[in-house]
Amino acid sequence: MGHGFKPRSSGHSSLQDYPPLFDDGLKESCWANMPQELLREVLMKIEASEHVWPRRKNLITCAGVCRSWRQVTREIVKTPEVSGILTFPISVKQPGPQDLLKCFIKRNRSTQVYHLYLSLSNEDGKFLLAARKFRRPTFTDYVISLCADDMSKGSNSYIGKVRSNFLGTQFTVYDGQPPHAGVKIAKRSCSNRLVGLTKVAPRVPAGNHPVAHVAYELNVLGSRRGPRRTECIMDAIPASAIEIGGVPPAQTESPHGSMGTIQSLSFLQSKSISNCSENFVSGPSSDKKDETPLVLKNKAPRWHEQLQCWCLNFHGRVTVASVKNFQLVASTENGVQCEKVILQFGKVGKDAFTMDYRYPLSAFQAFAICLSSFDSKIARE
């Protein structure tokens, strides 16, 4: 299969297992002459009936028939925030749904590789992202890729990385592409290579754009007991994103993109789902240039007298006690924590972990934060 979409040999399906959608030279076929009204009706029925994987692959196949089919498909398929479904590779860079989207992570200790899967009714799940740990003398890198078998920075599947400081208490999440429109590409952080056809936004110069900072409270002497204390500053998401009328900034569309490039590969503006104050509702983005970024902090656990341990309610999603387990909630400027969990991560086996996230985080951002929890250092335990 061309353009870097490689079928996996294992039983796990992948978001990349469908025909190439990014070829600007995609030729029109005889199917292009189908009346637009009929084509739209057919694709809408397919989209509505096959809303779960692996059957949703049929919708992706339709998008690869020709340009006209691709155009209609991109208009029908909604963002994860609206539909709650991850469809195209760009979905991992878009804000998640209002309800927690259930995923899981598998760790390979020998190769230092981490695979993120979307939870399905079967045990296999759908492959979303992969990361590999690279230890350096003064820092550690987690390179994140769309491909399960190629996790090098020079790969066309590279979409970002997580880098720690020497003590392993502070991490920076880098996006391989500008997180939103208006971001200037730093000359020192960008290479001259162009993003390959499997990239999230085609033909944009790849670079390292900081989109989040994760900090763990220093605990060198072990004086503090209990779980880790974590703070995440989401530089690419304004604090207003969780308010009514707020929305995370959209990633810029390729300035070199052509009309043939599928629109879903550029960040689509999220649409409002509900006006209920209980939900984080999206809407028009703010015009403020220096808006306060969203701050996430770990939800404070409660001490259980009978179990003699710190406890959090994961609603059955976490089964093994671990210092790595956490729940992140939004924190206001005055330090008040919201009740709604935006990201939760926990252990369910020796090398198996659950990861559930929701709006305004994307799968990429949630996965990057969880990777920082794997980096064990005595300075923060």
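This is a dialogue on how some features of a predicted model are assigned.

Trainee: What makes up the chain in terms of helices and strands?

Mentor: The chain has five helices and 15 strands. Of its 381 residues, 51% count as buried. Among contacts between residues at least 6 apart in sequence, 61% join residues at least 24 apart. The chain exposes about 17800 Å², with carbon and sulfur atoms supplying 53% of that area.

Trainee: How do you know that strand β13 is largely enclosed by the rest of the structure?

Mentor: Six of the six residues of β13, residues 326-331, are buried, so the strand is largely enclosed. Buried here means under 20% relative accessible area.

Trainee: What makes β10 and β13 a pair of strands?

Mentor: Two strands pair if at least two bridges are found between them. Strand β10 (residues 293-298) and β13 share three bridges, in the antiparallel sense, so they pass the cut-off of at least two. L296 has A330 in β13 as its bridge partner.

Trainee: Which strand pairs with β13 over five bridges?

Mentor: Strand β14 (residues 337-347) does, also in the antiparallel sense. There, V341 in β14 is the bridge partner of V329.

Trainee: How do you know that the length of helix α5 agrees with its residue count?

Mentor: At 1.5 Å a residue, the 12 residues of α5 (residues 363-374) should span 16 Å, and the end C-alpha atoms are 17 Å apart, which agrees.

Trainee: Is α5 enclosed or exposed, and what makes you say so?

Mentor: Enclosed, largely, because 12 of the 12 residues of α5 are buried. Among them are F364, F367, I369, L371 and F374.

Trainee: Why is the contact between E75 and R40 called a salt bridge?

Mentor: The side chains of E75 and R40 meet at 2.5 Å, N to O. The cut-off is within 4 Å, so the pair qualifies. A search of the whole structure finds 12 salt bridges.

Trainee: Why is the pair of F345 and F353 called stacked?

Mentor: Ring centres must lie within 6.5 Å for a pair, and planes under 30 degrees apart count as stacked. The centres of F345 and F353 are 5.4 Å apart and the planes are at 10°, so the pair is stacked. The structure holds nine aromatic pairs. F345 and F353 also belong to one aromatic cluster with Y114, Y142, F326 and F374.

Trainee: Are F345 and F353 buried or exposed, and how do you know?

Mentor: F345 is at 0% relative accessibility and so counts as buried. F353 is buried as well, with a relative accessible area of 1%.

Trainee: What makes the backbone at Q112 and H315 worth a remark?

Mentor: Q112 has a positive phi of about 60° although it is not a glycine. Q112 lies in the loop between β2 (101-108) and β3 (113-118), and is partly exposed, at 25%. H315 also has a positive phi, of about 55°, and is not a glycine. H315 lies in the loop between β12 (309-311) and β13, and at 65% relative accessible area it is exposed.

Trainee: Which residues does a cis peptide bond join?

Mentor: Y359 and P360, with omega about 10°. P360 lies in the loop between β15 (352-357) and α5.

Methods: Residues are numbered from 1 along each chain as its sequence is written. This is a predicted model: local features need pLDDT of at least 70, side-chain atom pairs count only at pLDDT 80 or more; totals for chains, interfaces and linings use all residues. Side-chain values use heavy atoms; hydrogens and water are left out. Buried means under 20% relative accessible area, exposed over 50%, partly exposed in between (1.4 Å probe, protein chains only). Helices (H or I, at least four residues) and strands (E, at least two) are DSSP runs, numbered from the N terminus. Contact means heavy atoms within 4.5 Å. Accessible areas come from the Shrake-Rupley method with a 1.4 Å probe; for residues, only the protein chains shown count as cover. The expected span of a helix is 1.5 Å times one less than its number of residues. Rings of Phe, Tyr and Trp (its six-membered ring) pair if their centres lie within 6.5 Å; planes under 30 degrees apart count as stacked, over 60 as edge-to-face and the rest as tilted.
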